[in-house]
Amino acid sequence: MFVDKATIVIKSGKGGDGAVSFRREPFVPNGGPNGGNGGKGGSVVFEAAQGLRTLMDLRYMKKYKAQPGQDGMGSNKFGKGGEDLVIKVPVGSVLIDEATDSFMADLSEDGMRFVAALGGKGGRGNSNFKNSVRQAPNFAEAGTQGQERTVLIELKLIADIGIIGLPNVGKSTLLSASTGANPKIANYHFTTISPNLGVVELSNTSFVLADIPGLIEGAAAGAGLGHDFLKHIERTKMLIHVVDASGSEGRRPLGDFNTIQGEMEAYSPLLMKKPQIAALNKTDIVEGAAGAAEALAELTGYLDREGIEYFKISAAAGSGVRELMNAAAGRLAEIEREGTAAGAPAWGDQSKWMRVSRVEDDPDYREIQISQDEDGAFALSGKHLYKIFDSTNFNDAGSLGYLNKFLVSGGIIRMLKERGLGDGDTIRIKDFDMEWYDDE
Ligand SMILES: Nc1nc2c(ncn2[C@@H]2O[C@H](COP(=O)(O)OP(=O)(O)OP(=O)(O)O)[C@@H](O)[C@H]2O)c(=O)[nH]1
Ligand SMILES: [Mg+2]
C-alpha cells in the first residue's frame, strides 16, 4: 500500500492562573478578595478538509501549539480563553498516538473533527475561596498544564490522476520528472509491472499521480494484465494519456492514441467519460525523424477537432512538464468542485465530533506509584497526583498547602512513612523535590 506519513508534536494551551487580589477602596483598609479566574487554554483540533490531498504541509512544520488562557485579574476580571488551534488534514487521515501506539481517530469524512489535546483548565481566583472562616484567602488556583502528544498521521494515498499509454512511451519518465518518485525507466516494453505513485507538488496545491503499466491492444480482454490495470484506472479522477509523439518505434501517434481509447471503451464506457489530457512526449526527437512532424500534426489535428486538451512535452528533458501539471491541477480542481456541489456534507457537524476520553473515565486515574530513587528520594507518580501537581502554583503558600493536604489526607504520607520516610527526607514529584518535616 502507498502510505503518506507525518509525525508532529502538538500541545494544547495551559489554563490561565487564577488571580490573588483584594478590593481597595478609600477608607476601607482590607477589602474582600476579588481575584478573577484564569481563562481555559486552547485545544489542538484536527479537521478533515476535502481540498487537501497529502500530508506535505505537515512535514514542513513539526510543532503545533495552541494559545494559553490569560491569567485572571483583579476586580473579578476573568482571563480570556486561548484560541483552539485547528490543524487541517486530508480526508482519510488516521491519527495515532505515538507514545502508546494507539489509535486516536479516523477522519474519514469531510469536516470531521477530533480534539487531540484538550486545553488546560483555568485556575480559580481567590474570590472563590472565601468562606465564613476564611475572609481573606491569599491564594488562588494555578491553571492546569496543556497536554503534549506526539501524533503520527497516516494517509493511504489514492491516485487522483492516472498516467496511461502504450509500453515504452515515457510514462514512468513523466512520473519521475514531476514527482519525487523513482520508478524504473528503461528502453523496453513492460518495464513497469505494477503501478507507481508519486506526489506532484505545485506552489498552491498537490495531487497524487499513478504511473500505470503499459496497456496493449487486447488489454480489455485481459492481455498483459490489462484487466487489473484498467481497474486501477477506474479509481482515478482523471487521466494523462502519454503518446510517443516521435513515432520512435515506427508507429503513427494517432494510431497509438486510438488503440488506447479503444481498449478503454471496450473495458467500460465510463472510462471514456473520464477527463483526459494528452501528453505528446519525446518531442525532443521529433525534428530528427523522417515524417515525424507530419505524423504528429495528424494527431494534433485530431485532438483539436475532438476538443481534447494536449501538451507537447519531453519528459526526459523536463520541457512542458510543469505546464502539463498545472493544467492537470486546474482540471482536478474543477472535477472536485463539481463533486462537492452535489451532496456536500455539512462542515463542522457537531455530531461527528469525537472527544478524548475524560481523565475521570480512566480506571488508573487515582492510582499513585511510589518508588525510591538512587539518592534515597521517594518518587511519586500518578495521573491524579500529576494533575494536582501541575496546577500547583509554587509561589503561593495557599496553593502549596493544597498539594500538601492532598498528600496527607490522601494517605500518601502515611504510606511513605511505612516505607521509612522521616524528617529531612526528600519527596520527589516529576523533577520537583520537597523536604519533608512532620508538623507534630
Ligand atoms: N528522447 C526521449 N526519450 C524518452 C522521453 N521520455 C522517455 N524516454 C525514453 O523512453 C524509454 C521508455 O521510458 P519509460 O519511462 O520507461 O516508459 P514507460 O512508458 O514507463 O514504459 P513501460 O513501463 O515499459 O510501459 C526510456 O529509454 C526513456 O529514457 C523523452 O521525452 N524523450
Ligand atoms: Mg514504466
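**Entries on the sheet**

I began at the hairpin of strand 17 and strand 18, which has two residues between the strands, and found Lys 430 there with a positive phi near 55°. I took strands as DSSP runs (E, at least two residues), numbered from the N terminus. I counted two strands as paired if DSSP finds at least two bridges between them.

The model is predicted, so I noted its limits: local features need pLDDT of at least 70, side-chain atom pairs count only at pLDDT 80 or more, and totals for chains, interfaces and linings use all residues. Residues are numbered from 1 along each chain as its sequence is written, and chains are lettered from A and ligands numbered from 1 in the order in which they are written.

I next followed the hairpin strands. Strand 17 (residues 426-429) runs antiparallel to strand 18, and four bridges join them. Thr 426 has Glu 435 of strand 18 as its bridge partner, and Ile 429 stands opposite Phe 432 in strand 18.

I then turned to strand 16 (residues 378-381), which runs parallel to strand 17 and is joined to it by three bridges. Phe 378 has its bridge partner, Ile 427, in strand 17.
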